[in-house]
Amino acid sequence: MWAVTGWAFATWLKCTLLLAALVGVAWLALGTGSGWFWAALLGAGLLEVWAVRQLGREWAYEARSSWWWAP
């Protein structure tokens, strides 16, 4: 189970760092006065929430088949 937890954590970290880098590039290119920057920030936040929910579902699916979770 720790392998699945480690995979989920590593995947979450990669996604988060990629989104943060993209928002950073948007900030450098557009500045905070641009509406496109705020749209990119909002989009990255929504994508992060979606990714966390999907990773949580995947982790729970794998946890159900694990010996310590099953009834």
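Analyst: Happy to; below we go from the whole chain to single residues. This is a predicted model, so local features need pLDDT of at least 70 and side-chain atom pairs count only at pLDDT 80 or more, while totals for chains, interfaces and linings use all residues. Residues are numbered from 1 along each chain as its sequence is written, and side-chain values use heavy atoms, with hydrogens and water left out.

User: Great. How many helices and strands does the chain have?

Analyst: There are 2 helices and 0 strands. Helices (H or I, at least four residues) and strands (E, at least two) are DSSP runs, numbered from the N terminus. Helix H1 covers residues 2–30, and helix H2 covers residues 35–64.

User: And what does the C-alpha trace span?

Analyst: About 55 × 15 × 10 Å along its principal axes. The chain has a radius of gyration of 16 Å, whereas a compact globule of 71 residues would be near 11 Å. That radius is taken over C-alpha atoms, and the globule rule is 2.2 Å times the number of residues to the power 0.38.

User: What share of the residues is buried?

Analyst: 20% of the 71 residues. Buried means under 20% relative accessible area, exposed over 50%, and partly exposed in between (1.4 Å probe, protein chains only).

User: Then which residues is it in contact with?

Analyst: Leaving aside neighbours within four places in sequence, Glu 48 is in contact with Trp 12, Cys 15, Thr 16 and Leu 19. Contact means heavy atoms within 4.5 Å.

User: Is Leu 18 buried or exposed?

Analyst: Leu 18 counts as exposed, because its relative accessibility is 53%. Leu 18 belongs to helix H1, and its C-alpha atom is 9.7 Å from that of Ala 44, 26 residues apart along the chain.

User: What about Trp 2, buried or exposed?

Analyst: Trp 2 is exposed, with a relative accessible area of 74%. This residue is also placed in helix H1. The C-alpha atoms of Trp 2 and Ser 66 are separated by 10 Å, though they are 64 residues apart along the chain.
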